[in-house]
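User: Hi! I am new to reading protein models. Could you walk me through some of the terms, one step at a time?

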Amino acid sequence: MTTRTRTRTATPRLALVLTAAGLMVATNVYGAVSAHADETPGVPPGTEASASAPVEVDANDPDLKLPEGGTLAEPKVLDIKQVVEDQSGDERREDTNADVKFALQAEVLFGKDSAKLGAEAKARISAIAEEIKTQNATKIRVFGFTDNLGSSAHGDVLSRKRADAVQNVLDQELTDSNVTYEVRGYGEQYPIADNSTETGRKKNRRVEVSFPRTES
């Protein structure tokens, strides 16, 4: 496993800004220590189990003014998510209170059915490395995904090779010896769009790089 993080200097033009609020508590678990991830099960950022709310509330506090017989629901943390996507949809950035996540479409990074990075791809990954440096992140997740065309086994292998290729560039850019990575290939698992259309499949063919935000 391996991990890293940072804010980028040269960001592609970003046009669409969508904000969404969801009730969730994120617990980020990183166990990477070496350059490549282990083979134990893991889940993409944002799908981890919820943690307890950081603030305890006294149900007996008279200032709450609960109606007679009323009780408090289980506490949850309100996490605000900001999503920025460029006009072409080739790159997407998500910011929450805890994490930063970049999603790059496979066509931007690789040729068809290939895990070899092009020159433009390396420039985009370098920009993500700059963001990681800005955030002073040392635990980085690099996850590869495919659409549901072809065999599941092929998708698993290809998505992992693509994640490894992106992680290798990050490793060259980030010289902090404390940085570790978690690298995984999920194949067709965890789609973010409808696989029944080419537009949706294109969004699902992606590599995601995520890391913790700097605490303010």
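User: How many aromatic pairs does the structure hold?

Analyst: The structure holds 4 aromatic pairs. Rings of Phe, Tyr and Trp (its six-membered ring) pair if their centres lie within 6.5 Å; planes under 30 degrees apart are stacked, over 60 edge-to-face, and the rest tilted. This is a predicted model, where local features need pLDDT of at least 70 and side-chain atom pairs count only at pLDDT 80 or more, while totals for chains, interfaces and linings use all residues. Residues are numbered from 1 along each chain as its sequence is written, and side-chain values use heavy atoms, leaving out hydrogens and water.

User: What makes the pair of phenylalanine 145 and tyrosine 186 stacked?

Analyst: Their planes are 15° apart, under the 30 degree limit, and the centres are 5.6 Å apart, within 6.5 Å, so the pair counts as stacked.

User: Why is the pair of tyrosine 186 and tyrosine 190 called edge-to-face?

Analyst: Their ring centres are 5.3 Å apart, but the planes stand at 85°, over 60, so this pair is edge-to-face. Ring pairs link Phe143, Phe145, Tyr186 and Tyr190 into a cluster.

User: How do you know whether tyrosine 186 is buried or exposed?

Analyst: Buried means under 20% relative accessible area, exposed over 50%, and partly exposed in between (1.4 Å probe, protein chains only). Tyrosine 186 has 5% relative accessibility, so tyrosine 186 is buried.

User: And what about tyrosine 190?

Analyst: Its relative accessible area is 30%, so tyrosine 190 is partly exposed.
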